[in-house]
Amino acid sequence: MAETSQLSTEIAESPSSEAKVAIDGFTEEGENLSPLNTGTEQHGARRHSHGDEPVVPEASRGERLKSYRLADFAPLTGREEDWRFTPLKRLRGLDSKPLTGQGPTVTVTGASNVQVETVDRTDSRFGSAAVPEDRVSAAAWEAVSTATVVTIPEETVADCEVTVSVRGTDNTVAAQHIIIDARRFSRAVVVLDHHGSAVLAQNVEIVVGDGAELTVVSVQEWDDDAVHVSSQQAKLGRDARFKHVVVSLGGDLVRLTPSSFFTAPGSEVEMYGLYFADAGQHLEQRLLVDHAVPNCKSRVTYKGALQGKDAHTVWVGDVLIRKEAEGTDTYEVNRNLVLTDGARSDSVPNLEIETGLIEGAGHASATGRFDDEHLFYLMARGIDEKTARRLVVRGFLNEVIQQIKVPVLEERLTEAVERELAAGNY
Amino acid sequence: MSTLEIKDLHVSIETEQGTKPILKGVSLTINTGETHAIMGPNGSGKSTLASTIAGHPRYTVDSGSITLDGEDVLAMSVDERARAGLFLAMQYPVEVPGVTMTNFLRTAKTALDGEAPSLRHWTKDVKEAMTQLRIDADFAQRNVNEGFSGGEKKRVEILQLELFKPKFAILDETDSGLDVDALKVVSEGVNREHGKGEMGTLLITHYTRILRYIKPDFVHVFVDGRIAEQGGHELADRLEEEGYDRFLVPGTATTGA
């Protein structure tokens, strides 16, 4: 692909004019090259409210603070690199209030040969895959007293998909912890199905054991008023295969931070995302792939559609190739389709490369409009306007839906996308 | 038999400098089975005529009429015109993200016919037409026009012509950007469909070379938004020898005579 770049941290799509570097010597901060910092207005949307403040960049994504203690994270101001796109007021206190709510109910159904437990926080599996990387995640870590643990036993192939239904019933600020433990050589598909109404800070820990093959699909079909901030960190063993799929459709503010950490060679990660933001919705995804060991492969594909006034999507894709990670092969891509005026899509791919001995590393980002010429072409072939628009959006998002490989869920999500389109009067 | 009738058509576009008239009174009648060639220098309004018939929103019809068997084409939306039997093979087909050729062709065929085509026959028809136009089978799985070369895009336009079977085909500079082999393949496609005797063809071209493969019954020369001269096939031969110079407005031509 033309956009593939080797040994480069530049972002091809963004003008790199007068980056506001707050610390001398740090000139290669990818996120500083975001159009936001140069004051570019996009798609008629207003400039972001705290875009004027200088953002203090990290020297490297790998140096971001990690801690189980809430006290280690300063209160949020909106100027933090990793919160600068998030409208903090709409977090409804997840970052500042004690997370004492009851929280959504969790029901696990599906495969008969997996183990489901509720454990208290003294259980040794707490912290087996994740360490919080932001304040909300740390707050949730401190607040929970139990966790739901789904274990796929060693060498077990789950006899069907496992569905973890997370149903929100009230709007008190709450915390939740889920652990998915895919033991050595196991195979399973786990669906985290979020619906109802909630204000939820969530940590999902995912252990992918040696030779295990795990797919985790996180579906956000929340009611309109829900707020959901979720850290989903996966730790991969040797020769593991991990597929992570994000589908964000509903909720007022949904912010997911999926991370994949390679700890042994020979593993592969695929991370997919699909999001569809309507008027007023804020859907944010910040992901990290940490290549810390040799000979691992990662592929990231996120696609989003936006329609309506103040629909806002954020995609930040951090890929870190550490010095030790020779033979790494990585590619990430984000595509956004803006369907109406007044919507805003931020897309920031970041690639940090500390070794030249890699197979390949690249990224691509593009945000396009469905425009009158597309419409004319399809209509000139007899297709009415409504069908033409649906055809394009459905096709655009289908690439990600096809990756889920759970027919019932694929069907449901296709229908959900149709409803989104219908809601936009297409 | 059908008739596409254009009467005293005046068309303008909005530009930054204001409204600009492009067509200044064009009249033309095409019947089923006839091939009309419209030729002319760049900027004479040939493509404007094509886009106006198809209903492109950029063009404003100031006066005149277009009728298909007496029905008012100008009152129809773009998709209604297509369903009434008009087909425009575009000069610059756009890439449509996210929609595979297979899906697009079937959706269009369903819209045009008012019912889904029988799957067995349809698949066979598509395959055959693709083979004849020498389009690789893998195109079916690719997104509409995405990453296609100029020649591939034109072949795909003719593929649609053969599959959709319109009453009238308007070919807007389908020959431009084609090498000789591709030009032959594309022309054969048009001739195959035209040869069935159920279609009228309006062939818009800047060059005469496509007329070696597609024989027009009538030739119209466009100059400055009007038909400056018309005749039979022999007019094309004359244009090939003489070019458009003699049609240029006195004073702008640099003949020095």
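Which hand does the crossing of α2(A) and α3(A) have? The crossing is right-handed. Keep in mind that this is a predicted model.

Stay with these two helices for a moment. Helix α2 of chain A covers residues 372-379, and helix α3 of chain A covers residues 385-401. Their axes come within 9 Å and cross at roughly 115°. From α2(A), the residues in the contact are Leu375(A), Leu378(A) and Met379(A). They meet Glu385(A), Ala388(A), Arg389(A), Leu391(A) and Val392(A) of α3(A). Sorted by class, this contact has six nonpolar residues, two charged residues and no polar ones.

Now step back to chain A as a whole. Chain A has 426 residues, and 61% of them count as buried. It holds four helices and 16 strands. Take the contacts in chain A between residues at least 6 apart in sequence: 86% of these join residues at least 24 apart.

How far can the model be trusted? The mean pLDDT of chain A is 87, and 86% of its residues reach 70 or more. Residues 1-52 of chain A are another matter, with a pLDDT below 50. Beyond near neighbours in sequence, that stretch still has 111 contacts in the model. Where pLDDT is low, the predicted coordinates should not be read in detail.

Next, look at strand β9 of chain A, residues 253-262. Ten of its ten residues are buried. In a regular strand the side chains alternate between the two faces of the sheet. Both faces of β9(A) are covered. On one side sit Leu253(A), Arg255(A), Thr257(A), Ser259(A) and Phe261(A), all buried. On the other sit Val254(A), Leu256(A), Pro258(A), Ser260(A) and Phe262(A), also buried.

Which strands does β9(A) join? Strand β7 of chain A, residues 227-236, runs parallel to β9(A), and ten bridges join them. In that pairing, His228(A) has Val254(A) as its bridge partner. Strand β11(A) also runs parallel to β9(A), joined by seven bridges. Here Ser259(A) is partnered with Leu288(A).

Follow β11(A) to Asp290(A). This residue lies in β11(A), which spans residues 282-291. Is Asp290(A) buried or exposed? Asp290(A) counts as buried because its relative accessibility is 6%, and the cut-off for buried is under 20%. Leaving aside neighbours within four places in sequence, Asp290(A) is in contact with Ser260(A), Phe261(A), Phe262(A), Leu320(A) and Arg322(A). Phe261(A) is 29 residues away from Asp290(A) along the chain, yet their C-alpha atoms are separated by 4.9 Å.

Ser248(A) gives a second example. Its place is in strand β8 of chain A, residues 241-250. Ser248(A) is buried, with a relative accessible area of 1%. Beyond four places in sequence, its contacts are Gln220(A), Val254(A), Leu274(A), Tyr275(A), Phe276(A), Leu283(A) and Gln285(A).

Finally, turn to chain B. An open sheet of four strands there has the order β2-β1-β4-β5, with antiparallel pairing. Its edge strands are β2 (18-31) and β5 (71-72), and each pairs on one side only. Strand β1 of chain B, residues 3-15, pairs with strand β4 of chain B, residues 59-68, over eight bridges. Within this pairing, Lys7(B) has Ser65(B) in β4(B) as its bridge partner.

Chain B averages a pLDDT of 92, and 96% of the residues score at least 70. Over residues 253-257 of chain B the pLDDT is below 50, and this stretch has one contact beyond near neighbours in sequence. For the complex, the predictor gives an ipTM of 0.94 and a pTM of 0.75.

Terms used:
Residues are numbered from 1 along each chain as its sequence is written. Chains are lettered from A and ligands numbered from 1 in the order in which they are written. This is a predicted model: local features need pLDDT of at least 70, side-chain atom pairs count only at pLDDT 80 or more; totals for chains, interfaces and linings use all residues. Side-chain values use heavy atoms; hydrogens and water are left out. pLDDT is the predictor's confidence in each residue, from 0 to 100. Contact means heavy atoms within 4.5 Å. Two strands pair if DSSP finds at least two bridges between them. Axes are lines fitted to C-alpha atoms, for helices over the stretch in contact, and angles run from 0 to 180 degrees between N-to-C directions. A crossing is left-handed if the near helix is turned anticlockwise from the far one by less than a right angle, and right-handed if clockwise. Ala, Val, Leu, Ile, Met, Phe, Trp, Tyr, Cys and Pro count as nonpolar, Asp, Glu, Lys and Arg as charged, and the others, Gly among them, as polar. Buried means under 20% relative accessible area, exposed over 50%, partly exposed in between (1.4 Å probe, protein chains only).
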